[in-house]
Amino acid sequence: MAAKKVLIVYAHQSSGSFSAAAKDAAVEVLAAQDCTVEVSDLYAMKFKATATAEDITGEVKNADHFRYAEETKLAWEEGKLCADITEEQRKLTQADLIIFQFPMYWFTVPAIMKGWIDRVLTLGYAYSQEQRYSQGVFKDKRAMLSFTTGSPESMFSANGINGDMNVTLWPLQNGILHYCGFQVLAPQIFWAPSSVSSEVRSTMLEGWRKRLQGLLTEKPLSFTPLDCFDGEGYQLKPEVHEKHASKEYGLTVGIHLGKALPPNSQMKAGV
């Protein structure tokens, strides 16, 4: 296996946390496979979470009606993005695999990590009207979520009070990662590590270490390709709709065709 470059975008305040242990395990195991591993420790970096005009050096095009996406696209094209964004884009450009390591806050990523997403994945650099989803800018890169939950797995089931984790993951994995073209690997979910024994936590970490041994050759999750949609309203093409009309499940969690959601499609590859 050829050496790969890995970027871990890490968000936890404590070096004694389970998230830190998961991050350290990834660094160790991947480095042992001759990967070059870089870590963006967002809290240690005091990474700015808010997307503002301060992200652009010099004058903006329209100060009276500042539009972040359009202004940062121009700034990216002209080399006028601020230094912290430029540095993270450098890391991302060089990486073959990106791992987002975090504790799940309010069914999503912590604010500091959302800020990384908002600021680093700028229009033009990470996506465009022409380059998104299966034709996205990063279609030759892989990305994955690795996170802890506060609730046990049973609460994130189809019958659980938190709802199906596949539904929770859809905006993150489809709306951010796949939108930018990434091949999305199945998430690594550590269910409620703060509520289990140290022995169970050790078993969780051992499972992660074992997975990391073959992570670079894993099959990614499946998403509906861009060419299955028309070019105007981006509606599913009639022939694709017809092909799936008699099937029990919808295509994906989001594009479900009014049918039952395909089980575990956001949590396991090949389903």
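**First stop: the paired strands**

Select strands β1 and β2 (residues 36-41), which pair in the parallel sense over 6 bridges; strands (E, at least two residues) and helices (H or I, at least four) are DSSP runs numbered from the N terminus, and two strands pair if DSSP finds at least two bridges between them. The model is predicted, with local features requiring pLDDT of at least 70 and side-chain atom pairs pLDDT 80 or more, whereas totals for chains, interfaces and linings use all residues. Residues are numbered from 1 along each chain as its sequence is written, and side-chain values use heavy atoms, without hydrogens and water.

Within this pair, Leu7 stands opposite Glu38 of β2. Next, follow the chain from β1 through helix α1 (residues 18-32) to β2: this β-α-β crossover is right-handed (with the strands pointing away from the viewer, the path from the first strand over the helix to the second runs clockwise).

Ile8 has Ile99 in β3 as its bridge partner. Strand β1 (residues 5-10) is largely enclosed by the rest of the structure, because 5 of its 6 residues are buried (under 20% relative accessible area, 1.4 Å probe, protein chains only).

Select Glu153, Trp191, Asn264, Met267 and Lys268, which are the closest to the centre of the largest pocket among its 18 lining residues. Then display α6 (165-178) and β6 (188-190), each of which supplies at least two residues of that lining.

Key
1 Å grid on protein atoms, 1.4 Å probe; cavity = no way out; pocket = protein on both sides within 12 Å on 5 of 7 lines; lining within 4 Å. Buried < 20%, exposed > 50% of the residue type's maximum accessible area, 1.4 Å probe, protein only.
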